[in-house]
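Biologist: I would like to learn how to read the features of a model like this one. Please give the general idea each time, then the case at hand.

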Amino acid sequence: MSVATIEQPITLAQVKADHEINVYLTRSTKYLSRLGFTEHGLRHAGIVSALAYKVLQELAFPTRDCELAAIAGYLHDIANMINRYNHGVSGAIMTFSILTRMGMPPEEVALVISAIGNHEEERGNAVNHVASALILADKSDVHRSRVTNRDFAKFEIHDRVNYAAESSKLLVDKASRKITLAVRIDTTICPVMEYFEIFLLRMVMCRRAAEFLDCQFKLVINDYELL
Ligand SMILES: [Fe+2]
Ligand SMILES: [Fe+2]
């Protein structure tokens with residue numbers, strides 16, 4: 001068992017190589033796809049992890065804080081294998097025992113698990129910089145490749161919006177203190193209105209997360225600035 005010291009902090013690479021984490025993340029993908037949800041597995045974990053790191057890095061936070069945001073990003077949806085409902089809080093509790101077992105100090109565990117426990121739009125809040133970075137990273141992963149339903153006739157609104165999204169980019173500009181989510185949507189598949197129908201709550205959450213980081217949140221869809 002690896003035990004971290006101050007000189008040897010737990011890294012994202014160690015988290016990615018951990019057998020227990022791999023099993024749970026793989027099961028989350030498997031069980032959620034049976035329920036028809038969009039992809040919440042290793043692909044989403046990797047993208048959110050890299051984006052959460054980037055948000056804090058671009059705003060010149062210390063490298064260790066960026067790494068903790070990356071770890072939170074990688075683990076944030078791990079509890080979907082237990083149940084989709086309240087998976088932020090159950091994921092925080094799971095992550096507490098995993099990172100403690102790996103030897104992460106409590107000061108760092110606190111940042112990671114508070115972020116995970118606050119990433120759901122129904123009950124989450126930007127309580128610190130790591131939580132804010134995770135919210136922005138998670139809510140900006142909207143993409144065609146996340147749709148697991150293979151039958152277009154059975155697409156529901158989340159499938160349509162994700163399928164219509166050809167690209168989504170999260171841009172952080174430290175100088176102007178602006179964080180921009182730029183999405184390209186094929187409007188023949190999904191009108192922009194449908195995007196808002198399911199993403200309004202997420203965009204409000206992103207705005208608050210950006211504000212916590214002393215930034216303004218902007219939403220750009222097909223080159224139109226909507227927020
Ligand atoms: Fe989630
Ligand atoms: Fe997620």
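**Reading the model**

Modeller: Helix H9 (residues 192-212) lies across strand S2 (178-185) and S3, and runs at about 160° to S3. This is a predicted model, in which local features need pLDDT of at least 70, side-chain atom pairs count only at pLDDT 80 or more, and totals for chains, interfaces and linings use all residues. Residues are numbered from 1 along each chain as its sequence is written, chains are lettered from A and ligands numbered from 1 in the order in which they are written, and side-chain values use heavy atoms, with hydrogens and water left out.

Biologist: What is the strand order of the open sheet?

Modeller: Two strands pair if DSSP finds at least two bridges between them. Here four strands form an open sheet in the order S1-S2-S3-S4, with mixed pairing. Strand S1 (165-173) and strand S4 (224-225) are the edge strands, each pairing on one side only. Strand S3 (residues 216-221) and S4 run antiparallel and are joined by two bridges. Isoleucine 221 stands opposite tyrosine 224 in S4.

Biologist: How many aromatic pairs does the structure hold?

Modeller: Rings of Phe, Tyr and Trp (its six-membered ring) pair if their centres lie within 6.5 Å; planes under 30 degrees apart count as stacked, over 60 as edge-to-face and the rest as tilted. The structure holds three such pairs. One of them, tyrosine 195 with phenylalanine 196, is edge-to-face, at 6.2 Å centre to centre and 85° between the planes. Tyrosine 195 with phenylalanine 199 is stacked, at 4.5 Å centre to centre and 20° between the planes. Both of these residues, tyrosine 195 and phenylalanine 199, lie in helix H9, four residues apart, about one turn of the helix. Ring pairs link Tyr195, Phe196 and Phe199 into a cluster.

Biologist: Why does tyrosine 195 count as buried?

Modeller: Buried means under 20% relative accessible area, exposed over 50%, partly exposed in between (1.4 Å probe, protein chains only). Tyrosine 195 counts as buried because its relative accessibility is 1%. Glycine 36, in the loop between helix H2 (19-34) and H3, has 33% and therefore counts as partly exposed.

Biologist: Which residues are the protein donors of the iron ion (ligand 2)?

Modeller: Donors are N, O and S atoms within 2.8 Å of the metal (3.2 Å for Na, K and Ca); water is not among the atoms, so sites may look incomplete. For ligand 2 they are His44 (NE2), His76 (NE2), Asp77 (OD) and Asp138 (OD), lying 2.2 Å from the ion. The angles among these four donor atoms are 82 to 170°, and the site is irregular. Four donors count as tetrahedral if all angles lie between 85 and 135 degrees; four count as square planar and six as octahedral if opposite donors are over 155 degrees apart and all others between 65 and 115; anything else is irregular.

Biologist: What coordinates the iron ion (ligand 1)?

Modeller: Asp77 (OD), His87 (NE2) and His119 (NE2) do, at 2.0 to 2.2 Å. The two iron ions are 3.6 Å apart, and aspartate 77 coordinates both. Aspartate 77 and histidine 119 are buried.

How values were computed. Contact = heavy atoms within 4.5 Å. Axes fitted to C-alpha atoms, helices over the stretch in contact; angles between N-to-C directions.
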